[in-house]
Amino acid sequence: MNLYVAALGFGLISVSVISIAAVGFTMQFGITNMINLAYGEVMMVSGYAAFYANQAGVNIWVALIPGALVGAVLSFLLNRFLYAPFQRKGTNLIGMVIISLAASLMIANVMLPIVGYYTSSYVVDQGPLLRSNGLVLTTAQIAIIAVAVILMLGVHGLLRYTRLGKAMRATAANPTLARNCGIPTQRVIDVVWLITGALCGVAGVVAGMNSENFSVASGAGYLITIIAAAVLGGAGQPYGAMIGALIIGIVTELSAAAIAPEYKEVVAFAILVLVMVLRPQGLLAKRGALAAAG
Amino acid sequence: MIGAALILVACGGSSTTGAGLGSGPLLVGVLAPFSGADASFGPRYLAGCYAASLSINGAGGIGGRQVSCQQFDTRGEPADAVPAANAMISGNSNLMGVVGCTSDEASTVVPILDRSHVPMFCMTGQSEFNKTNFKYFHRLVPPDSFDAYAMIGSALYGPNHPPYKNVALVFGDDIGSQTFVGPAVAALKKLGVNIAINQAIHLGAASYRTEVASMLQTHPDVILTETIGSAGTYMKEVKQQNGGKVIPFIGTSATIDPVWFKQVVDAIGLQDFLANYTAVDLKLSLQGAGYDEFVTELTAADSKFPSSNATTYKGKSPTVHLYDGIIMTALAMVAANSSDPTVYNPKIIEIANGVSGATVVSTFKDGVAALKAGKSIRYVGAAGENNFNQWNNSQQGYNLVTMDKDGNEVVIGELTQSQTQQIIDAGGNA
Amino acid sequence: MNSYYAATLLVYAGVDIIACLALNLQFGVSGIVNFSFIVFQAIGAYTAAVLSMPPDTAYGGYQSYVGGFQLPFPIPWIGGALAGGLLAIPVGLVVLRKLRTDYQAISLLVLSVIANSVITNVRPFLNGAAGIAQVPGPFSDQVDPLSQSYQLLYVGLTIPCVLLVWLVASRIVNSPFGRSLRAMREHELAASALGKNPVQLKMTIFIVGGIIGGLSGAILVGFIAVVAPSIWLYPETIILFAAVIVGGRGNNLGAILGALLVPVGFEEATRLIPPTIGGWVPPPNLIPAMQWVAIGLLIIGFLWFRPQGVRPEQRRVFEGAPIREDSNDARPA
């Protein structure tokens, strides 16, 4: 029984890492209609930015800041110089997906000669190991969970209580109408890319802390789990992404305990398939998901 | 077109000895992953090739022909490897040999190279090549199954501990790691050792906390592992969840690598690493005249090809072995006095195993001199002596090793012939 | 260029053309964004492999897989094609409902990742990460597979398949069925108002595409004699999508052009980048990395400068139709 409680605890860490990333991803999709397959690579680049800071002696928790900055700037530039021009040209959704994949290929292969093929790791002081009723977590891991909670509350606060948040929700729902109501949608979209880019950056650093070893190849690994969490919760819905991350994180670790660990991701994805069968628009999506093909 | 015609003639021609070495530059192809998940493999083979080419050219080349190296990226998967191999053969009529062919692509490229009569030295550990009929295939590294047997040998007969009774197998779910598990399980079962858990982990996963928790529940005495790239992540969890105590772990020969060393030491600390880590390695002495020449040329390669980082590979078994393979191929050409692979390929094994009364040489230069004096030679090179069996596989047996505080390999014991044979028989030499 | 390399290029071109024709039917003509397409090629390859291989105790028993029936040509190829079609049924039932295209796309993408992960880890099923090797090609008992005549034979088997698939695809595209598909792609609501059943149409074309995709896998595995999970990771699907879009979606000639340009052209041409530039020898991993960057740039470049593809879909105009001022129908947003 202890194994399952421990697995639950480990699941919480996974949830934290996935949720930060998934919320950013799903907001990019919800507000700008962009399935950004380069998201994982941006996480990886931000992770390396924090790595270089860490190598230079900066404490890894402080290095979250350069990580977030790099994520924000890179995402902003990606949109400004690649995605937005194509969207203005009227490229359809699938063309945009292919472009984002091309972008991810390019980012990964430009990083490779720079950082090399071997894995890197941060210097993280894990702190004392805490045990309680079967849960086994270090202080650093608890801190990761705390970071995730703070960021989730922050996103919630942003969306619900600020003017910017309202503008973002309006733009997501109906860009044309929002513009007609005087909302500077172009500026809102820029800000969205900065904010979600920052989330992406933090997620990249936290993922690196979680994994001990990361490399250029880690980027692609992050992406699928993030997509799964976002889709599970209802693509475009930030609260949905949080719930999706919760389900996937916990189920993954519990199934590693209950079944063989090599299938842990498969079980999580199987849940996703089940949800797709029963509720294809995702858990929290509104009716927009079921619109006619477009 | 002319190149193709030459190849056809070479394949169809009869074995006339001593048709001469020809003229013009010669090429060694490094057919391996240079991109994708295993992109780190290609460069270490290329470094070996550079060193060999410098050693050969410095001694006047092969009948005056200068040797150069070129990489051909297989992208780490069979479907991309086929055009790479075919493009390499079709575009280079002066191909004298190929090195590389890892388990990512060997199944598809070995037949291609063999049918084009290209002598190759392959790094794949796959069991399918244990008893192969490909005449141009040569393997200087043992199949992965042998690494697995050696690890079991270490668990049973290793120094400084009684035989372990409860073994945990922790390997990745990739091809390279997969080939250890089957033979290991078979051997352990036959020998009556309890397999506490057989865990296949997904390499590169974010964390292995639950996996480690499951493993710890089975209370193994020892962990047999490879998990390149994820070992640090896994072992860190082991230490953390086991109350700061690390379980003894035995690595494959691939773990004897500065990067692996760094990852795991970063994860669990030097003290625990030194106290608990052992590995198995091919009996690579890294000494002797052949090795000295290898290091000299590797250093020269570093200045001639600065981006190759050649000297970082001076302790790496693939680099050393492939260097030897190329030297042997070159000597075979000189000995046969022919640039026709159907003529010189059989000589490679002769030179490696040596006929009775052969003069032992350890560099290309010495080999050429001895051949000129009419002697037959045996090349004992940077990796020591080779003994090819009837299936063109050669290995020298295993040492039990660990690493010192700087990550250098230290031999702590070895397995005797009978111990090794017992385990091989138990595992079933597939 | 020797005959083996030429044969490789021709067979690969054939396989890619067949795959792109299938994808064009699913995506270009019908608008189904099948981001799991590569799985259909994979199941065709695996099925052809287990049908044509001897039992897994052969060659020393180093592989473990189901099947091993040693059936002769053309059964493995037919089996591969059928497997692709059969797979399309459950996948279609799960995903092809009233879902927005992008949701469909992501769901299918995740399905292909799941499939790859399952096959890699359930080792006795299809031999896991190592895949199945030494797959005998058609007539490999009668003709030595390593000989030049075999290469000729293989090209000779591939070309008729390409022509057959092209014929079938052309018939479909130019038939009433094809018109229904295009109607469904352009305006699903209107099409169903006219009595067309979109779900049924989608299932049908999904199955047809699956069959053709499975055939392409069977042809590939017979040639390279190996099938492994590393061959069918999800980016392969995206490369095929890029091919269909670059070539020109919705029409078969465009799909063929795309297949020749992207998987064959871009991927192979980048091998020609010289290993040394001037006297400078770049770091060993640099050129391969730059090859991928080049592929990415090519795709983006094509989509920017010629988004309708090299050969755009022809707008079909019918005599007697009232002349419209704007040929792009203004649809509500």
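Two residues are in contact if their C-beta atoms, placed from the backbone, lie within 7 Å. This is a predicted model, in which local features need pLDDT of at least 70, side-chain atom pairs count only at pLDDT 80 or more, and totals for chains, interfaces and linings use all residues. Residues are numbered from 1 along each chain as its sequence is written, and chains are lettered from A and ligands numbered from 1 in the order in which they are written.

Start with chains A and B. Here 26 residues of chain A are in contact with 28 residues of chain B. On the chain A side, H1(A) (2–32) gives the largest share, 5 residues. Helices (H or I, at least four residues) and strands (E, at least two) are DSSP runs, numbered from the N terminus. Strand S2 (135–138) of chain A also supplies at least two residues. By class, this side has 14 nonpolar, 8 polar and 4 charged residues. Ala, Val, Leu, Ile, Met, Phe, Trp, Tyr, Cys and Pro count as nonpolar, Asp, Glu, Lys and Arg as charged, and the others, Gly among them, as polar.

Now turn to chain C. Its 41 residues in contact with chain A meet 42 residues there. H4(C) gives the most to the chain C side, with 13 residues. That side has 29 nonpolar, 7 polar and 5 charged residues.

Within chain C, the axes of H3 (residues 75–95) and H9 (residues 198–224) come within 7 Å and cross at roughly 145 degrees. Axes are lines fitted to C-alpha atoms, for helices over the stretch in contact, and angles run from 0 to 180 degrees between N-to-C directions. The contact residues include C:Gly80 and C:Gly84 of H3(C) and C:Gly210 and C:Gly214 of H9(C). They divide into 15 nonpolar, 8 polar and no charged.
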